[in-house]
Every structure is written in C-alpha cells, then in structure tokens.
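Please prepare a short report on the helices, backbone angles, charged pairs and nonpolar groups of the structure shown here.

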Amino acid sequence: MQDYVILASGSPRRKELLKMIFDSFETRVSDCNEVITSSEPSEITKELAYQKANSVMREVLKEQENTAEKSILVIGADTIVSFQGRIFGKPKDKREAFEMLSVLRGKVHEVTTGVALLRGGKKEESVCFAETTKVSVAAMSEEEIWQYIATGDPFDKAGAYGIQGVFAKYIEGIEGDYFNVVGLPVHRIYTSLRN
C-alpha cells in the first residue's frame, strides 16, 4: 500500500497486530509531550494517536532526503479503558491495579482505541478515527484479583489487564472488535487504508 510504513509505538502487541496488514514496517516510539484537550474517550485517543504519529512523521521527514519520491505512512494509536465516565490508564503499582480491577469486575466497560494514519512525502493526508469495544468482566474474588496482579501482567496495560493473556478466563464476552481491545482495530485500519 505504501513504500515506507512506520508504527509509532513500542507496544509488542500492536506490532504483532500490524503484521496482519503489512509484511514489513519499522517501529519508532514517539517522544512527544502528550496534551489532552477533551474528556471523551474517543476524542482523547484520537488526539494522542495523532500527536504520536505526527511527532514520528516530523522526525522521519527530517531524516529523509528524497521524501518527494517516497510515500511514508505513520500509524499512531492510543488505547484507554473507561467505565461510567472514568478513564483507566496503566496502573502505577499493585494497589492501583487492584483498585482498577475491583471497579471493573462483574461489569461491562468500554475499551477505545484511537488511530491516526498520516501519509507524508509524495502525497500528504491524514485520517483519524476511534473504535470502541464493550468488554464484560466476570465477577472476581479479591484473591483472584491478587493472583492475577502477581503475574505482573497488569502493569503495561490500560485498565490493568490484557484480554489476550491469562486474564482471558475472566472475560465473559465482548461486543465489537477483539483486536481493538488488544491494541489495534485491524479491520478498520485495513479498510481505511484500502479506501
């Protein structure tokens, strides 16, 4: 689809998901200062995805000498978990992970991933969108929560859990795109690029 594709993320999960669309791409972590101007999950994730992608695009364009000859696609993404207007980021410690999971257990919450697709070089354009998936978490005992926290899995994940790992046994169901919860709405990205 494009000559040079860059994923503006260090997430190993996003990297694996993007392999479903592209045979080869580079990954770069954005060093931008993230600024949030909205309180809506879909707007927050789009803002942050765009900021990450734009920062990497500017960096790449500075490095490239013949950008007029080459098309560059940078993909940025940001995922947040929300419940009743409350936003859950990545937990700072075990206590915060326990608090997040205690709120989410036995309830349905939303996972929103914002995506920014920026093209630069030969042709410049940008598309930003957000995808939301509803996730139902089973009732969990305090002991089960602490056992999960002891695995170390919650600490690099929004909402303190990963749907694709050992936490899967506590997922009662989802409504929407499973891969969106993992970190990238694969089908929506593919169709956006194809169109």
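Gly-152, which comes just after helix H4, takes a positive phi of about 85 degrees. Helices here are DSSP runs of H or I with at least four residues, strands are DSSP runs of E with at least two, and both are numbered from the N terminus. The model is predicted, so local features need pLDDT of at least 70 and side-chain atom pairs count only at pLDDT 80 or more, while totals for chains, interfaces and linings use all residues. Residues are numbered from 1 along each chain as its sequence is written, and side-chain values use heavy atoms, with hydrogens and water left out.

Helix H4 spans residues 142-150, and its buried residues are Ile-145, Tyr-148 and Ile-149. These residues lie on the same side of H4, because they cover an arc of only 100 degrees around the axis; the arc is that of the directions from the helix axis to the C-beta atoms. An α-helix has 3.6 residues a turn, so residues three or four places apart point the same way. Glu-143 and Ala-150, on the other side of H4, are exposed. Buried stands for under 20% relative accessible area, exposed for over 50%, and partly exposed for values in between, with a 1.4 Å probe and protein chains only. The cover over the buried residues of H4 includes helix H3 (94-104), where contact means heavy atoms within 4.5 Å.

Tyr-148 of H4 also belongs to an aromatic cluster, together with Tyr-161, Phe-167 and Tyr-170. Rings of Phe, Tyr and Trp (its six-membered ring) pair if their centres lie within 6.5 Å; planes under 30 degrees apart count as stacked, over 60 as edge-to-face and the rest as tilted. The count by this rule is five aromatic pairs.

Ala-160, by contrast, counts as buried, because its relative accessibility is 0%.

**Helix H6 and strand S5**

In helix H6 (residues 186-194), the buried residues are Val-186, Ile-189, Thr-191 and Leu-193. Among the elements that cover them are helix H1 (12-18), strand S3 (71-83), strand S5 (108-121), strand S6 (125-137) and helix H5.

Gly-120 lies in strand S5 and counts as buried at 1% relative accessibility. Leaving aside residues up to four places away in sequence, Gly-120 touches Met-57, Lys-70, Ser-71 and Ile-72. The C-alpha atoms of Gly-120 and Val-56 are separated by 11 Å, and these two residues are 64 residues apart along the chain.

**Salt bridges**

Side chains of opposite charge can pair when their charged atoms come close. A salt bridge is taken as a side-chain nitrogen of Lys or Arg within 4 Å of a carboxyl oxygen of Asp or Glu, and the whole structure holds 13 of them.

| Salt bridge | N to O distance |
|---|---|
| Glu-16 and Lys-19 | 3.0 Å |
| Glu-96 and Lys-92 | 3.7 Å |
| Arg-188 and Glu-131 | 2.8 Å |

Arg-188 is partly exposed, with a relative accessible area of 31%. Glu-16 counts as partly exposed at 46% relative accessibility, and Lys-19 likewise at 44%. In the remaining pair, Glu-96 is partly exposed at 24%, whereas Lys-92 is exposed at 72%. Separately, a network of salt bridges links Arg-13, Asp-153, Asp-156 and Lys-157.

**A nonpolar surface patch**

Met-20, Ile-174, Tyr-178 and Phe-179 form a nonpolar patch on the surface, and their accessible area together is about 340 Å². Patches are made of residues with over 30% relative accessible area and no salt bridge; like charges are joined within 9 Å, and nonpolar side chains (Val, Leu, Ile, Met, Phe, Trp, Tyr) within 5 Å. Accessible areas come from the Shrake-Rupley method with a 1.4 Å probe, and for residues only the protein chains shown count as cover. Phe-179 is placed in helix H5 (residues 178-182) and is partly exposed, with a relative accessible area of 30%.
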